[in-house]
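Good morning, colleagues. Please look at the screen.

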Amino acid sequence: MRAESGYAYGALGADIHVFGNGTPVYLLFTYQAVTSLESQWLCAQPSRMLDARAEIVAFTGRKAELADLTAWRDQPSRLAVRWLHGPGGQGKTRLAARLAADSQAAGWKVVKAVHGTDTAPGPAGSQDLRLDGHQGLLVLVDYADRWPASHLSWLFHNRLLHGKVPTRVLLIGRTVQGWPALRGQLDRLRVNAHTSDQLLPSLPASGDDRAHMFTTALACFRAHYEGVGDIASAGPPDSLDSEDFGLTLAVQMAALVTVDAAAHGRRAPTDMTGLVAYLLDREHENWRQLHENAAHGLPHRTPDHVMSRLVFTAVLTGALPRAAGETLLRRLFPGSDTGRLLADHALCYPPTDPAGSQVLEPLLPDRLAEDFLGLSLPGSPVTAYGIDEWCARSVAALFSRGDAESALGREAPQVPGWTPRAVTFLAEAAGRWPHVGHRHLFPALRADPDLALEAGSAALASLAAVPELDFELVDRIDRRFQSVTGNTRHYEIDFGYAELHERAARHKLTATLDTSEQARTWHRLSIRLAFASRHHDALQAASKAVQLSETIVAGEPDGDDWHNHSASLMQLSRALVNVGSTEEAVEPSATAVKILRTLVRGDEDRYKPAFAAALSWQATMFERTGDKEAALDYAEMAASCYNDLVSGRPARQAIPHLHNFTDALCQVGNYYSEDDRPDEALKVLTVALDLARTMAEATPQVDLPLVPPVLSGLSHALARLGRPDEALPYAREAVALTKRMHEFDPYEFGGGLLERLEWLGSLLAEAGRVDEAVDTWREAVDLHRALFSLGRAVDVAHVASVLEDMAQSLAESGRHEEALEPAKDAVLDYRLLTDANPSAFGEYLSAAVHNLALYHSQAGQVEEAVVRMEEAAGFHRLVAERTGRSAAVDRLASALRVLSEDYEKLGRTDDMLRSGTECLRVLEALAADDPEEYLLRRCSLQLSFAAQCLRAGRELGAALAAANAAAETYETLLRHDSDYGPALSRALTVLADVHDAMGNPKESRACRQRRDTADRGKKRRWRR
């Protein structure tokens, strides 16, 4: 539950993810269509009718696209994710709304995911997101291409998406920015996650689709206007078949303007620029009318030219908290009554947040708002629409870091919170209005290149798409980026930055004929594409870099040429690994090591850092290909090289290599531990920890990630040394630090957090801290359940194994009912795996079902236990028949024995006798082949079976044979070992009882006499 400005948000059946300051990453709302909008209010500013959320125009056209989405929804996969994309105004939101309505009618739960910064979160109140009684779950994510990558990852972590009903996630965006990376993560899952994308194409110029849509929209808009005559015969503009009207929004704008112009006795323009200007003029008219009505008592005091500036500001900032909005307006409108300005603006553009507490709600739809920016800023080619110099000054003011400090109460010179939106909207506007880029956006970014980087991934992607991009500006941004990150990754902006870098790289490749420059360009492009998880594109770029560098070294190369070639080979090796071609990656890595070894002999100081990095990567390659001995050798060489680079060197020379040196020591220490050399591992890792802590204290944003792997390695080494009490604190700290980093950068640290949680759970369980162990394992499983694990594939078999460990720990501590949930989840996972690969996972499934049956039985849920154990016995029987392995036959015998006992509890005598008989037959065969292992188990079952027959009064002949066989076996064993006396006594007692039941008193007395004789003999032996 979260409360903000008197409004509380809660979600039943789902998670709520918030930042450390309590701000929600995103919110989830049950989908509801907007209804009951008053016609008079709509007509005052006609653009309100173009808001897709209002659904003023009945859904029409797009039949094929809707059918495609419906088929996607109804496919048999449990989980499917689709990215629906197309230009702004193409009708994506409206198409998704129709799918949502149809899905609700079909019994699906429809949920809207709204980013924390969105201006239209949805209805107020607590949200019941439980899926009971629903056919499936459909989640709609609008503006998905503007979500930071880590925020999307948190959404995909939400347990709502991992229920038992079919789940569909529809991500909606203008571009596919972020989709390749997301798709790559999803495709690497070892579960049946179906991924697809759907481009919403322009309306076809031929045919009657546009005309039909125009006619439908005309009728829908006409319904909201009074006093308009019959305009049904009004035809579409002659230019309706032009490229401009390929957008659904454009056709609807033409229809709206036609109706509105008729209502006001005006002539409707027919071109897109004219339509945009007409609608914006109508906004101005309403602002002016409201201001003039102040003379008649209406509390609206803001002139239309000031309202225009407020609307301009709101387009760039989006909705803001009231305090931030007031502070901002005091900056932009000094001496004005900010409360009055905000109130008047809200009258035209009411807040849409649940609490109704935000201000500066922006003009919609977005495309019209972008055109408003273009027409308002100086440089507009449309002379009939007045520009405003104030707008140019406000762009600079809105990007001012000082303004951000004042408005948001920050002390540090951070960029304003609206920077991502402002850069994105200006970039989108620049795509149609070039002066917006050249005269306003680009100068602001040149003055402060960090604005582009801090605007985020979506803004960078929008900037990359500007047709008349300023490549000198991009170079300036790139230089700033490299000064901050070098060639390392920046997880929050990697996807968008890759698009910007790619645009600039391809421009540079066409502008230069220098082979060396081209090779370097392809090399850096490969690195950036890889960081954006565009691994196949990265491989292609790396291959081109290697091809070019090979031509260079085939001539008259110098040392730097060979160095650059080795760097390209290393990147090619990494790219091959990332696409799963590990075997192919070995050769370029080995070649790079060979080249650098030669270079180091000639100039050690210059080339040793690259040589050390190559050795470390080659160690990783050997580890991946199973040669652990070679991996350790190369890791030791890498650590030795780094040691030479830091030991006895001046600080300015040593410091640049300390990070890699620590990383290399950690690699060596972990290899020692895995090689059963924990003493040596402990020494190396202790040194590494001292270095890592020192560096992390000085520069945590760079070096803190070094600490958790070292802590985890120390914990493993101590555990191998039999010192689990000392290992536990290191494991705890490793988890705590990784969680701290994971909160901000899940792409980087998700995999490490999973591993460290699982290890901590194992240590806690070994220490007898079952509650803590279970909580830790459950947290690990929750992370595993995400659609992607932030840089690593989800190993479903491993998840199931963790769940089984959890269930076993709970059962062993007597918490049988609690053990059921993880045991059921493990069964579900193994079912998925078995469906895909029966031969590999069938036996794991049978064992998991078997264990689940035992937990049901221990919890007193006998009927459910029988159902599960019958299934397990069927699995065991199939495996035993197929393989003939004694282990499979053994498991079948165990299942049959438990079944016979549970059948008896339920009074199912026939089933009890059938299972007992089959179990006897199975164990007799096992005992014949391996008496040392199975003879005593057979005897125990024989007596148990005889006792069951006695209690049922059935199959007494079989009971007699079983009890007699057990007694004879124990008599034989007693001759060699007196410890079998009690067992023989029990057997003879049961045998006597069987004879009594069969009416054989003489035989019964004889059995009891044999028992008493055996007991007296046992007592004599004790006296001796």
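A word on terms before the helix pairs: an axis here is a line fitted to C-alpha atoms, for helices over the stretch in contact, and the angle between two axes runs from 0 to 180 degrees between N-to-C directions. Please also bear in mind that this is a predicted model.

I begin with helix H24, residues 582-602, and helix H25, residues 604-624. How do their axes cross? They come within 8 Å of each other and cross at roughly 155°. Angles over 145 degrees count as roughly antiparallel, and H24 and H25 are therefore roughly antiparallel to each other. Their crossing is left-handed. On the H24 side the contact includes Thr 582, Ala 585, Val 586, Leu 596 and Arg 597, while among the H25 residues that take part are Glu 604, Tyr 607, Phe 611, Trp 617 and Arg 624. By class, the contact of H24 with H25 has 14 nonpolar, four polar and four charged residues.

The next pair is helix H40, residues 931-952, with helix H41, residues 956-974. The axes of H40 and H41 come within 8 Å and cross at roughly 145°. The crossing of these two helices is again described by its hand, and H40 passes H41 in a left-handed crossing. H40 brings residues including Leu 935, Arg 938, Cys 939, Phe 945 and Ala 946 to the contact, and H41 brings, among others, Leu 956, Ala 962, Thr 969, Tyr 970 and Leu 973. In this contact of H40 with H41 there are 17 nonpolar residues, three polar and one charged.

The C-alpha atom of Leu 960 is separated by 6.9 Å from that of Ala 946, and the two residues are 14 apart along the chain.

I turn now to H15 and helix H16, the latter formed by residues 434-447. Their axes come within 5 Å and cross at roughly 130°, and that makes H15 oblique to H16. From H15, Val 423, Leu 426, Ala 427, Ala 429, Ala 430 and Arg 432 meet Pro 434, Val 436, Gly 437 and Leu 441 of H16. The contact of H15 with H16 divides into eight nonpolar residues, one polar and one charged.

How many cavities of 30 Å³ or more does a search of the whole structure find? There are four. The second largest cavity holds about 60 Å³ of space. Its lining is made of Asp 145, Arg 146, Arg 174, Thr 175, Gln 177, Thr 424, Glu 428, Ala 458, Ala 461 and Ser 462. Helix H15 (419-432) and helix H18 (457-464) each supply at least two residues of this lining, and the largest share, three residues, comes from H18. Two of the lining residues are nonpolar, four are polar and four are charged.

I close with two details of the backbone. The peptide bond from Leu 364 to Pro 365 is cis, with omega near -5°. Pro 365 lies in the loop between strand S12 (358-359) and helix H12 (366-376). Glu 55, a residue other than glycine, has a positive phi, near 55°. Where is Glu 55 found? Its place is the loop between helix H1 (39-44) and helix H2 (63-73).

Thank you for your attention.

Definitions and conventions: Residues are numbered from 1 along each chain as its sequence is written. This is a predicted model: local features need pLDDT of at least 70, side-chain atom pairs count only at pLDDT 80 or more; totals for chains, interfaces and linings use all residues. Side-chain values use heavy atoms; hydrogens and water are left out. On a 1 Å grid over the protein atoms alone, a cavity is a set of points where a 1.4 Å probe fits but cannot get out, and a pocket is an open set with protein on both sides within 12 Å along at least five of seven lines; lining residues have an atom within 4 Å of a point. Grid points are joined across faces, edges and corners, and a volume is the space filled by probe spheres set on the points. Helices (H or I, at least four residues) and strands (E, at least two) are DSSP runs, numbered from the N terminus. Ala, Val, Leu, Ile, Met, Phe, Trp, Tyr, Cys and Pro count as nonpolar, Asp, Glu, Lys and Arg as charged, and the others, Gly among them, as polar. Angles under 35 degrees count as roughly parallel, over 145 as roughly antiparallel, 65 to 115 as roughly perpendicular and the rest as oblique. A crossing is left-handed if the near helix is turned anticlockwise from the far one by less than a right angle, and right-handed if clockwise. Contact means heavy atoms within 4.5 Å.
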